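Dear colleague,

Please find below the structure that I am handing over to you. My notes on what was found in it follow directly after.

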2 protein chains.
Amino acid sequence: MKLYDFGRAPNPRRVRIYLAEKGIDIPTIDVNLREGEQLSAEFLAINPGAMVPVLEIDDGDYLSECIAICKYLEALHPEPSLFGEDATGEARVLMWNNIVENEGMFAVAEVLRNSLPAFENRALPGPLGLAQIPALVERGRARCDNFFDRIEKRLSDSPYLAGDAFSLADITLLVVVDAAANMVDIDAAASRPALAGWHQQVSNRPSAQA
Amino acid sequence: MKLYDFGRAPNPRRVRIYLAEKGIDIPTIDVNLREGEQLSAEFLAINPGAMVPVLEIDDGDYLSECIAICKYLEALHPEPSLFGEDATGEARVLMWNNIVENEGMFAVAEVLRNSLPAFENRALPGPLGLAQIPALVERGRARCDNFFDRIEKRLSDSPYLAGDAFSLADITLLVVVDAAANMVDIDAAASRPALAGWHQQVSNRPSAQA
């Protein structure tokens with residue numbers, strides 16, 4: 001197996017943290033998003049979505065999408081479980097992972113990609129070259145606020161997103177919280193004590209260095 | 001179990017088709033999105049994301065997100081499999097389902113919600129009441145074109161999205177193709193013969209009536 005990766009991008013970090021939690025070592029190939037390598041004909045043949053991470057599996061096929069990559073690796077390395085312990089547990093992991101991806105990750109990306117000059121004509125990932133829309137910066141910030149408020153309520157009732165155990169959903173949230181702070185200057189943990197406590201705890205896991 | 005549903009919305013149809021494929025019968029409760037029932041205090045306590053579908057499970061908890069609802073039901077009703085037959089198969093189902101949701105469903109919604117007067121201040125689902133942004137209509141159409149072109153390539157190589165068998169990913173694509181045609185007048189199958197053949201075939205399944 002090989003992992004197509006890029007150190008500074010949020011989504012590949014989700015898989016790197018997952019691998020660190022499992023103690024799995026996979027060779028990586030860097031796709032330099034800053035230099036547009038994801039738009040090369042060579043990489044578009046690997047992922048027409050022009051995004052990393054991508055996992056090349058041993059039959060030569062390619063898997064994109066963090067949820068697919070991690071679920072595939074979970075089948076090969078089931079312990080410790082990061083997808084819940086039973087049917088209800090797995091459903092809660094998938095539910096929270098999807099909520100964090102759609103409401104959190106996409107909101108942070110909306111702020112980032114519509115404001116930074118580096119993302120001019122890259123307002124969404126993918127091959128399209130879409131122009132920035134300034135109104136989306138404000139909208140993205142409102143979405144982030146609403147999302148992190150929802151997370152604060154959840155983490156006031158539950159130690160981890162999907163219940164009593166750390167899971168893939170927490171990995172996705174950690175990456176979103178850190179991207180918000182480091183890339184668009186949104187401090188999600190400020191004035192949200194449950195989120196702040198959770199963030200300190202998961203940041204202390206060795207995998208958070210990935 | 002109970003399913004919170006709304007007949008005219010695309011996402012609940014994903015679960016209804018899934019249930020029809022499995023032959024599962026679950027009582028439904030209609031949440032009238034036209035009249036804003038998803039924003040009532042009562043429904044926000046069920047899903048703070050203000051979206052249907054939601055599955056109330058027998059421990060009294062609520063599952064949102066189609067992927068979580070269907071995976072939960074898959075554990076209870078594994079045959080016929082709609083999540084692939086092995087680790088690679090499941091990864092491909094999750095991958096394509098996510099691609100169709102993020103690149104297809106969200107693009108159709110971007111056109112719909114930013115153009116129709118009925119979605120004024122409802123430019124995204126959820127509790128925020130976001131204003132429409134006219135530039136997103138054109139962007140959404142470009143995203144739809146790019147998405148359906150990608151699907152055409154995939155279905156030229158593979159009978160179904162995730163491989164040789166009909167899966168959850170095909171259900172999501174059917175709902176996106178029909179929503180594009182019926183809600184924003186985008187005929188994805190026109191001039192895309194592989195997609196047209198696939199669409200005819202899956203539309204002939206009895207579950208497509210759901």
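Helix axes are lines fitted to C-alpha atoms over the stretch in contact, and the angles between N-to-C directions run from 0 to 180 degrees. Helices (H or I, at least four residues) and strands (E, at least two) are DSSP runs, numbered from the N terminus. The model is a predicted one, in which local features need pLDDT of at least 70 and side-chain atom pairs count only at pLDDT 80 or more, while totals for chains, interfaces and linings use all residues. Residues are numbered from 1 along each chain as its sequence is written, and chains are lettered from A and ligands numbered from 1 in the order in which they are written.

I begin with a helix pair in chain B. The axes of α4(B) and α5 (residues 135-157) of chain B come within 8 Å of each other, crossing at roughly 155 degrees. α4(B) is therefore roughly antiparallel to α5(B) (angles over 145 degrees count as roughly antiparallel, under 35 as roughly parallel, 65 to 115 as roughly perpendicular and the rest as oblique). The crossing of α4(B) and α5(B) is left-handed, that is, the near helix is turned anticlockwise from the far one by less than a right angle, whereas clockwise would be right-handed. Among the residues that make this contact are B:E103, B:G104 and B:A107 of α4(B) and B:L136, B:V137 and B:R139 of α5(B); two residues are in contact if their C-beta atoms, placed from the backbone, lie within 7 Å. By class, the contact of α4(B) with α5(B) has 7 nonpolar, 4 polar and 5 charged residues. Here Ala, Val, Leu, Ile, Met, Phe, Trp, Tyr, Cys and Pro count as nonpolar, Asp, Glu, Lys and Arg as charged, and the others, Gly among them, as polar.

Residues in the contact include A:I67, A:Y72 and A:L76 of α3(A) and B:A91, B:L94 and B:M95 of α4(B). The contact of α3(A) with α4(B) divides into 9 nonpolar, 2 polar and 2 charged residues.

For the interface as a whole, 30 residues of chain A are in contact with 30 residues of chain B. On the chain A side, β4 (62-64), α3 (66-76), α4 (87-115) and α5 (135-157) each supply at least two residues. The largest share, 8 residues, comes from α4(A). This side of chain A has 19 nonpolar, 5 polar and 6 charged residues.

The same surface serves both copies, with 100% of the contact residues of chain A recurring in chain B.

With kind regards
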